[in-house]
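Grab a pencil and open the viewer. Here are some exercises to work through, each with its solution.

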Amino acid sequence: MKKITLILFICFMLTNFKEIAALFGDKESYTLREYTTSAPEYDPPENLNGYDENTEITLLHNGQVLTINLHDYLYGVICAEIPASFPVEAVKAQAVAARTYTLNKLYRYQQGYEIAESHKGAQLCSDHSHCKAYTDKSAEEMWGSDGASYRVKIERAIYDTDGEYIAYDDQPIVAVFHAASGEMTENASDVWGGDYPYLISTESYGGEDSPKFYGEVRVSSSDLIRKITAKTGDKFELKDGYWIGEIDRSEAGGVNTIVIGGKTFKGTEIRSIFGLNSTNFTITYDDGDFVFKTEGYGHRVGMSQYGAKAMALEGKKYGEILTHYYTGTKLSKMQ
């Protein structure tokens with residue numbers, strides 16, 4: 001009888017291993033495995049109107065102007081912009097944000113906004129510092145044995161949100177996003193200026209999971225002088241007692257302005273000059289070097305990708321994620 005009971009217990013444990021692991025094991029790791037284990041193929045929804053596949057865009061990529069449909073473009077953007085291991089709801093949020101950013105550019109062109117000369121006539125480019133990153137590598141090239149399941153996840157995210165965009169006053173917004181913020185995202189006006197009522201500072205969490213959330217850059221005094229002079233074109237000197245002056249910060253912690261060597265610089269300028277991970281930095285002087293320590297990764301405006309991951313792991317859907325990060329917006333759908 002004891003042997004039979006033991007055998008039945010072992011069978012129960014094996015049958016319910018995933019449920020037991022979820023309760024007592026590493027919850028996040030289990031959740032990510034659950035999200036990334038997908039069927040080998042994904043069938044689009046039956047009511048799909050095919051907006052993405054029927055909409056063509058032009059893209060400057062690797063020096064060539066390509067004409068591709070929006071679905072394929074979004075696939076390449078998602079592959080390049082967000083970790084494929086993230087929960088599917090976070091990937092869906094990324095799909096809608098990337099689609100919205102694209103539709104906003106197309107809308108502005110219709111209103112007479114000029115295409116950038118660097119695009120060589122294309123509506124978009126694959127330079128992440130100007131438009132959005134894009135790759136044409138296969139899933140297998142990027143992720144090896146995980147490629148098939150990740151490909152399905154990304155296709156699912158695009159198909160399940162086909163034609164959806166984030167709207168403010170019934171128009172697609174400038175849906176910028178970044179890797180990781182701190183406890184708050186930044187006001188767009190503090191970073192770039194301008195009036196973006198949907199890009200205001202909002203609560204965020206989960207950013208610390210980014211491997212680049214904390215950063216450090218050391219610069220010698222001579223290099224600091226050389227780099228600032230090269231960037232500004234003005235002669236720059238450091239004098240004792242005038243190295244680091246007043247620092248003005250945004251409500252989210254980013255440096256708006258900082259005085260170095262008696263001159264005032266924007267936080268975005270200093271980030272660009274020294275390749276800092278974000279404008280949320282401190283600066284100290286240590287044995288002949290200036291040490292920048294940063295928190296956050298990216299411009300920290302709009303949706304935090306690691307914040308989207310954290311919300312998805314809590315059970316939030318992509319719509320909730322998007323309306324949280326883009327204040328006063330709603331989801332709309334192209335017809």
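Residues are numbered from 1 along each chain as its sequence is written, and side-chain values use heavy atoms, with hydrogens and water left out. This is a predicted model: local features need pLDDT of at least 70 and side-chain atom pairs count only at pLDDT 80 or more, while totals for chains, interfaces and linings use all residues.

**Exercise 1. Get an overview of the protein.**

Step 1: start with the elements. The protein has 13 helices and 14 strands; these are DSSP runs numbered from the N terminus, helices being H or I with at least four residues and strands E with at least two.

Step 2: look at burial. Of the 335 residues, 47% are buried (buried is under 20% relative accessible area, exposed over 50%, partly exposed in between, using a 1.4 Å probe and protein chains only).

Step 3: check the contacts, meaning heavy atoms within 4.5 Å. Taking contacts between residues at least 6 apart in sequence, 67% join residues at least 24 apart.

**Exercise 2. Work out the sheet that contains strand 4, and find what lies across it.**

Step 1: read the order. Three strands form an open sheet, ordered 5-4-14, with antiparallel pairing (two strands pair if DSSP finds at least two bridges between them).

Step 2: find the edges. Strand 5 (171–172) and strand 14 (330–333) each have a single partner strand, so one side of each has no neighbour in the sheet.

Step 3: look at the bridges. Strand 4 (residues 164–168) and strand 14 run antiparallel and are joined by four bridges. Glu164 has Lys333 of strand 14 as its bridge partner.

Step 4: Helix 6 (residues 88–110) lies across strand 4, strand 5 and strand 14, at about 65° to strand 4. (Axes are lines fitted to C-alpha atoms, for helices over the stretch in contact, and angles run from 0 to 180 degrees between N-to-C directions.)

**Exercise 3. Helix 6 also packs against helix 12: at what angle, and through which residues?**

Step 1: take the geometry. The axes of helix 6 and helix 12 (residues 305–313) are 8 Å apart, and the angle is about 140°.

Step 2: name the arrangement. That angle makes helix 6 oblique to helix 12; under 35 degrees counts as roughly parallel, over 145 as roughly antiparallel, 65 to 115 as roughly perpendicular and the rest as oblique.

Step 3: list the contact residues. Helix 6 brings Glu89, Ala90 and Gln94, and helix 12 brings Gln305, Ala308, Lys309 and Ala312.

**Exercise 4. Which residues of helix 11 are buried, and what covers them?**

Step 1: pick them out. In helix 11 (residues 267–274), the buried residues are Gly267, Ile270, Ile273 and Phe274.

Step 2: look down the axis. These residues fall within an arc of 130°, so they line one face of helix 11 (the arc is that of the directions from the helix axis to the C-beta atoms).

Step 3: find the cover. It includes strand 7 (214–220), helix 10 (221–232), strand 9 (255–260), strand 10 (263–266), strand 11 (281–286) and strand 12 (289–295).

Step 4: zoom in on helix 10. Its axis and that of helix 11 come within 10 Å and cross at roughly 115°, so helix 10 is roughly perpendicular to helix 11. Leu224, Lys227, Ile228 and Lys231 of helix 10 meet Ser272, Ile273 and Phe274 of helix 11.

Step 5: see how helix 11 ends. Gly275 follows, with a positive phi near 65°.

**Exercise 5. Trace the pairing of strand 12 with strand 7 and strand 11.**

Step 1: take strand 7. Seven bridges join it to strand 12, antiparallel, with Tyr214 partnered by Glu295.

Step 2: take strand 11. Here six bridges join it to strand 12, again antiparallel, and Thr284 is partnered by Val291.

Step 3: inspect the turn. Two residues separate the strands of the hairpin of strand 11 and strand 12, where Asp287 takes a positive phi near 50°.

**Exercise 6. Is Lys132 buried or exposed, and what does it touch?**

Step 1: locate it. Lys132 sits in the loop between strand 3 and helix 7 (139–143).

Step 2: check accessibility. With a relative accessible area of 7%, Lys132 is buried.

Step 3: Beyond neighbours within four places in sequence, Lys132 contacts residues including Tyr73, Glu81, Tyr101, Asp127 and Phe177.
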